Amino acid sequence: MILIRFCFRWKFPNFFLQPFVENSIIHGFAEMESGGRIRITAWIEKQLVCFKVEDNGLGIQEDHIRRIQAGEIRSTGIKNVDRRVRLLYGMEYGVTLHSPAGKGTFVLIRIGEIHRSNQMTPIQ
């Protein structure tokens with residue numbers, strides 16, 4: 001069971017961490033029989049909140065990450081969360097993927113303090 005409780009003044013999109021936890025289980029732990037670990041951390045850094053979802057799974061090759069972020073590989077969950085964060089908080093925020101060789105994968109989600117639900121933010 002995972003319990004995440006935030007006592008921040010910031011508002012966060014519903015279920016925005018779920019696709020990353022799901023990806024860890026489905027892809028990261030695909031060839032593991034035991035020992036899979038997911039760690040979720042959050043911290044405040046100046047005027048933003050950072051969330052990190054990391055696992056000790058198989059990892060993702062650098063070229064594959066580049067292709068996901070370029071939109072060449074269909075990754076609905078990652079793309080949807082990134083777009084949602086950018087629409088709500090601004091283009092300077094969003095999702096980045098990292099997968100150090102042999103050390104699993106971690107996803108960093110940066111969210112701004114100000115929720116921009118009533119402002120227009122261009123999305124590409």
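This is a predicted model: local features need pLDDT of at least 70, side-chain atom pairs count only at pLDDT 80 or more; totals for chains, interfaces and linings use all residues.
Residues are numbered from 1 along each chain as its sequence is written, and side-chain values use heavy atoms, with hydrogens and water left out.

Entry on the fold. I found three helices and four strands in the protein chain, taking helices (H or I, at least four residues) and strands (E, at least two) as DSSP runs numbered from the N terminus. Along the sequence they follow the pattern α-β-β-α-α-β-β. For contacts, meaning heavy atoms within 4.5 Å, I noted that residues 24 or more positions apart account for 62% of those with a separation of 6 or more.

Entry on the core. I looked up the largest nonpolar core, which has 25 residues; such a core is a set of buried Ala, Val, Leu, Ile, Met, Phe, Trp, Tyr and Cys residues joined through side-chain atoms within 4.5 Å. At least two residues of this core come from each of α1 (18-28), β2, α2, α3 (76-89), β3 (94-98) and β4 (105-112). Isoleucine 111 is among the residues with the most contacts inside the core, and, leaving out residues up to four places away in sequence, isoleucine 111 touches Phe12, Pro13, Phe16, Leu48, Val49, Phe51, Val85, Tyr89 and Tyr93.

Entry on two helices. I read an angle of about 160 degrees between α1 and α3, with their axes 9 Å apart; axes are lines fitted to C-alpha atoms, for helices over the stretch in contact, and angles run from 0 to 180 degrees between N-to-C directions. That makes α1 roughly antiparallel to α3, because angles over 145 degrees count as roughly antiparallel. Pro19, Phe20 and Asn23 of α1 make the contact with Gly77, Ile78 and Val81 of α3.

Entry on isoleucine 60. I located isoleucine 60 in the loop between β2 (48-55) and α2 (62-69), and with a relative accessible area of 25% isoleucine 60 is partly exposed. Apart from neighbours within four places in sequence, isoleucine 60 is in contact with Ile65, Ser99 and Thr105. I also noted that 8.1 Å separates the C-alpha atoms of isoleucine 60 and histidine 98, which lie 38 residues apart along the chain.

How values were computed: Buried means under 20% relative accessible area, exposed over 50%, partly exposed in between (1.4 Å probe, protein chains only). Angles under 35 degrees count as roughly parallel, over 145 as roughly antiparallel, 65 to 115 as roughly perpendicular and the rest as oblique.
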